[in-house]
Amino acid sequence: MPTLLIVHHTPSPNCQALFEAAVAGATTDEIEGVRVVRRAALAATASDVLAADGLLLGTPANLGYMSGALKHFFDQIYYPCLDTTRGRPFGYYVHGGNDVTGAVRAIETITTGLGWRRAAEAVRATGEPTKADTEACWELGATLAAGLTD
């Protein structure tokens, strides 16, 4: 059974709302035959990534960058997963108070280095998440999960 790994740092109610929407999309009843594994960014390991067929990443934008927790995740898995996970589909969402540009740039740079393939548009939310933001995260989760059943 294909596995979607959701790696997230969820320190605020705003990030929690986006995370819950992404999980709801990934686990919707319409998508069968995909195992969805959730890991906090500080707990996710290279073994988790190696066992996954696709990844969904979630982070706040802190001081113009992704969270330290997600950066730690990338630091831990980069070399152990570098060659084995090339081409792996992924997507992500970022939440910030007013700007997510630096966090988006960092995620894109690192995932490009890993050779991962973005399989869905990133969700970029600022301020309190709107209905459109949570719907976009739901779609992100559903798209990534459904893509693993093909």
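Let's start with Lys131, which is exposed at 62% relative accessibility (buried is under 20% relative accessible area, exposed is over 50%, and partly exposed is in between, using a 1.4 Å probe and protein chains only). This is a predicted model, where local features need pLDDT of at least 70 and side-chain atom pairs count only at pLDDT 80 or more, while totals for chains, interfaces and linings use all residues. Residues are numbered from 1 along each chain as its sequence is written, and side-chain values use heavy atoms, leaving out hydrogens and water.

Who does Lys131 pair up with? Its partner is Glu135, and the closest N and O atoms of this salt bridge are 3.8 Å apart (a salt bridge is a side-chain nitrogen of Lys or Arg within 4 Å of a carboxyl oxygen of Asp or Glu). Both residues belong to helix 5, residues 131-147, and because they are four residues apart there, about one helical turn separates them. Glu135 is partly exposed, with 41% relative accessibility. Elsewhere, salt bridges with shared partners tie Glu108, Arg118 and Glu121 into one network.

## The other salt bridges

Searching the whole structure turns up five salt bridges. One of them links Asp75 and Lys71 through their side chains, with 2.6 Å from N to O. These two sit four residues apart in helix 3 (residues 68-81), so about one helical turn lies between them. Asp75 is partly exposed at 45% relative accessibility, and Lys71 is partly exposed too, with a relative accessible area of 27%.

Then there's the bridge between the side chains of Asp48 and Arg39, at 3.3 Å from N to O. Is Asp48 buried or exposed? With 16% relative accessibility, Asp48 counts as buried. Arg39, on the other hand, is partly exposed, with a relative accessible area of 29%.

## A closer look at helix 5

Back to the helix that holds Lys131 and Glu135. Helix 5 has 17 residues, and from first C-alpha to last it reaches 24 Å, close to the 24 Å expected at 1.5 Å a residue (that is, 1.5 Å times one less than its number of residues).

Some of helix 5 is tucked away: Asp133, Cys137, Leu140, Gly141, Ala142, Leu144 and Ala145 are buried. What covers them? The cover includes helix 1 (13-26) along with strand 1 (3-8), strand 3 (54-62), strand 5 (89-96) and strand 7 (123-126). Contact here means heavy atoms within 4.5 Å; helices (H or I, at least four residues) and strands (E, at least two) are DSSP runs, numbered from the N terminus.
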